[in-house]
Amino acid sequence: DAPGHRDFIKNMITGTSQADCAVLIVAAGTGEFEAGISKNGQTREHALLAFTLGVKQLIVGVNKMDSTEPPFSEARFEEIKKEVSSYIKKIGYNPVAVAFVPISGWHGDNMLEVSSNMSWFKGWTVERKEGKVEGKCLIEALDAILPPTRPTDKALRLPLQDVYKIGGIGTVPVGRVETGVLKPGMVVTFAPAGLTTEVKSVEMHH
C-alpha cells in the first residue's frame with residue numbers, strides 16, 4: 001500500500017516492479033471490502049498493478065476479520081474469497097495457486113499462530129505444478145513462496161532508469177540488474193555510446 005496514496009504511486013510502482021511476490025490485503029469490514037473491490041477501488045488497482053508489473057505469486061490476506069458482522073464471520077470470508085478469486089482470475093492469476101488467509105492484525109489472529117477465534121478455518125491450500133502446499137497462518141503462506149531463479153549465468157544487462165551526478169561521489173547510474181552479476185571492480189560498457197568504465201561500488205536504496 002502507499003500512504004497518502006496518490007502522491008506515492010510512483011514509489012509503489014518502483015517497488016512492485018522489482019518484487020517476486022505480493023500480499024494483497026483486503027479489508028473484511030462492512031462497506032470496506034465493497035469500496036476496495038468497486039470499479040476504481042484499491043483492491044482492484046493493486047492486484048492489477050502487481051500482475052501487470054510481473055509479480056507472479058500472490059497471497060490474499062483477508063484482514064480486519066474482528067470487525068465483520070458478526071465478528072470473525074466464516075460467511076463473510078467465503079463471500080470475499082469468491083469475489084476476489086473471480087477478479088484475480090480475470091486479471092490472469094490462477095486462484096487455486098493463491099492462498100486466502102483470514103486474519104486480524106489487531107490481535108494477530110492467524111498471522112503467526114492459529115487463531116481460536118476462527119476455528120471454522122481449516123487452512124489454505126495452494127496447488128501448482130511444483131506440488132500442493134497447505135498451511136493455516138499468513139507466515140506459512142509466505143514461507144511457501146517459491147524463490148525464483150535468477151539468470152546470473154548470463155551476461156550483465158542493467159537497463160538504466162536514471163543517472164545522478166553527486167558531488168564528491170561521481171556519476172551514479174540507477175537501474176535493476178535483469179541478467180548477470182554486478183560487483184565492484186568490474187569493467188562495464190554502456191550502450192549505445194560504447195563508453196567503458198569501472199564499477200566503484202554498488203548501492204541499494206529503499
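Residues are classed here by relative accessible area, with buried meaning under 20%, exposed over 50% and partly exposed in between (1.4 Å probe, protein chains only). The model is a predicted one, in which local features need pLDDT of at least 70 and side-chain atom pairs count only at pLDDT 80 or more, whereas totals for chains, interfaces and linings use all residues. Residues are numbered from 1 along each chain as its sequence is written, and side-chain values use heavy atoms, with hydrogens and water left out.

A search of the whole structure finds six salt bridges, a salt bridge being a side-chain nitrogen of Lys or Arg within 4 Å of a carboxyl oxygen of Asp or Glu. One of them joins Arg76 to Glu34, with the closest N and O atoms 2.9 Å apart. Because Arg76 lies in helix H4 and Glu34 in helix H2, this pair ties together parts that are 42 residues apart in sequence; helices (H or I, at least four residues) and strands (E, at least two) are DSSP runs, numbered from the N terminus. Glu34 is partly exposed at 36% relative accessibility, whereas Arg76 is buried, with a relative accessible area of 10%. Glu34 and Arg76 also belong, together with Glu79, to a network of salt bridges.

Asp20 and Arg150 likewise meet through their side chains in a salt bridge (2.5 Å, N to O). Asp20 lies in the loop between helix H1 (9–16) and S1, and Arg150 in the loop between H5 and strand S6 (160–166), so the pair ties together parts that are 130 residues apart in sequence. Asp20 is partly exposed at 26% relative accessibility, and Arg150 is partly exposed at 47%.

Leaving aside neighbours within four places in sequence, the residues in contact (heavy atoms within 4.5 Å) with Asp109 include Phe72, Pro102 and Met118.
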